[in-house]
Amino acid sequence: MLLILGATGQVGSQVLSSLAAAHYTGPMRMLVRRPEALNVPAGLQAEIMKGSFDDSDAVLRALQNVTDVILSTGDNPGQVTREKRIIDLVRTISMPPRIIKVSAITASLTPRVSVGIAHGEIEDYLRGSGLDWVILRPTFFYQSLALFRDPVRRAGRFPLPTHDGAVAFVHVRDVADVVARVAADRSIRSRILSLTGPKAWRLDQVCDELGKRLGRPVRHLNPPSLIFKLMLRFAGGMSWEYAGMVDGIAKACAKGDESHVKSEFEDIMGRPPLGLHDYLEEAVCLFRK
Ligand SMILES: NC(=O)c1ccc[n+]([C@@H]2O[C@H](COP(=O)([O-])OP(=O)(O)OC[C@H]3O[C@@H](n4cnc5c(N)ncnc54)[C@H](OP(=O)(O)O)[C@@H]3O)[C@@H](O)[C@H]2O)c1
């Protein structure tokens, strides 16, 4: 039995599609607080339990007879406490399942930055737990570029202060495909998989490619950190904490920390990862006026 924690999220919902596309036939369960937000593809044998990750009894019920847990609970306040508590609950099970944790590449940095600080603490806890684990560390998702669609639509400006740092963006569908592959192969354990796209792009290059598709120029802007965070907070509607995390990711990108293209995706999936052009092909409409 596969338990998915985070099935309504960006990664989790895509994992359901990847499992369906891979003709996953095993039993699976999801613990969700908003069943109405779930979109379960046809063909999956899914048991849906309603509950919060903060309800230990609900998590324990969901863990019954489970062999693998996908842990993708998102960047939110309390994530470290929440995921550590889930790991502790898994440890109380007599035949504890393997945990497949969705982390971030920033957890590999020294010192860790942004979301990598929380993910790193959880990773360390998981690796020291005695449980079987697999950790996925994706780079910046192409899909996160759409956070900046409004200034592109309105003014042809792309305000993301990555300066000259290139980013080996990864497609969320590729991340989900790896989660699904790992879920189906129980021999994979004690591995950290760094997931990137096939090529690193500077943001001015991304803007050029986007501009070609839109038929109008898109200019990359590098606002100072405080202005960037204020923009995310007030124009983007993000919490101050989340704006700080995005700013931290931009700073890591500016230093080239997300620029290293890795081979793990192709090693495990036997095909190259999706590139910027694949993403723009499907997402360019988001940036149109
Ligand atoms: N975005 C990027 O560019 C990027 C890059 C690299 C790594 N990552 C990592 O990928 C991970 C997954 O991201 P994501 O975008 O898929 O996150 P997400 O969309 O926020 O999904 C979080 C999931 O967890 C569920 N959840 C959270 N707290 C819960 C609770 N107390 N009880 C029940 N359900 C709860 C959410 O349910 P609801 O739907 O009910 O809220 C949702 O299903 C993140 O940790 C992030 O650091 C992201």
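This is a predicted model: local features need pLDDT of at least 70, side-chain atom pairs count only at pLDDT 80 or more; totals for chains, interfaces and linings use all residues.
Helices here are DSSP runs of H or I with at least four residues, numbered from the N terminus.

**Entry 1: the ligand shell**

I started with the helices around the ligand.

Where does the ligand sit? I found it in the largest pocket.

**Entry 2: polar atoms facing the ligand**

Next I went through the N and O atoms beside the ligand. A polar backbone atom of Val-11 is 2.8 Å from a ligand oxygen. On the side-chain side, I noted an N or O atom of Asp-54 at 3.4 Å from a nitrogen atom of the ligand. Thr-73 also takes part, with a backbone N or O atom 3.3 Å from an oxygen of the ligand. I checked the ligand's own surface too: taken alone it exposes 930 Å², and the protein buries 85% of that.

**Entry 3: Thr-73 again**

Thr-73 is in the loop between β4 (68-71) and α3. Is Thr-73 buried or exposed? Its relative accessibility is 10%, and buried means under 20%, so I logged Thr-73 as buried. Its side chain has a partner as well: I found a polar contact of 2.6 Å with the side chain of Glu-83.

As a reminder to myself, most peptide bonds are trans, and most residues other than glycine have a negative phi.

Which peptide bond is cis? The one from Thr-110 to Pro-111, with omega near -5°. I placed Pro-111 in the loop between β5 (98-102) and α4 (115-127).

For positive phi I wrote down His-163, a non-glycine residue with a value near 50°. His-163 is in the loop between β7 (157-159) and β8 (166-167). Its relative accessible area is 41%, which puts His-163 in the partly exposed class.

Ser-190 went on the list too, again a non-glycine residue with a positive phi, near 50°. I traced Ser-190 to the loop between α6 (172-184) and β9 (191-195). At a relative accessible area of 48%, Ser-190 is partly exposed; the exposed class would need over 50%.

**Entry 4: pairs apart in sequence**

Last, I looked at a couple of C-alpha pairs. Phe-148 and Gly-236 are 88 residues apart in sequence, and I read 8.4 Å between their C-alpha atoms. Phe-148 belongs to the loop between β6 (133-138) and α5 (149-155). With a relative accessibility of 2%, Phe-148 counts as buried.

The other pair was Glu-36 and Thr-8, 28 residues apart along the chain, with 9.3 Å between C-alpha atoms. Glu-36 lies in the loop between β2 (28-32) and β3 (46-50). Is Glu-36 buried or exposed? I have it down as exposed, because its relative accessibility is 64% and the cut-off is over 50%.

Technical notes. Residues are numbered from 1 along each chain as its sequence is written. Side-chain values use heavy atoms; hydrogens and water are left out. A polar contact is a pair of N or O atoms within 3.5 Å; within protein, one must be able to donate a hydrogen and the other to accept it, and residues adjacent in sequence count only if both atoms are side-chain atoms. Accessible areas come from the Shrake-Rupley method with a 1.4 Å probe; for residues, only the protein chains shown count as cover. On a 1 Å grid over the protein atoms alone, a cavity is a set of points where a 1.4 Å probe fits but cannot get out, and a pocket is an open set with protein on both sides within 12 Å along at least five of seven lines; lining residues have an atom within 4 Å of a point. A molecule sits in a cavity or pocket if more than half of its atoms lie within 2 Å of its grid points. Helices (H or I, at least four residues) and strands (E, at least two) are DSSP runs, numbered from the N terminus. Buried means under 20% relative accessible area, exposed over 50%, partly exposed in between (1.4 Å probe, protein chains only).
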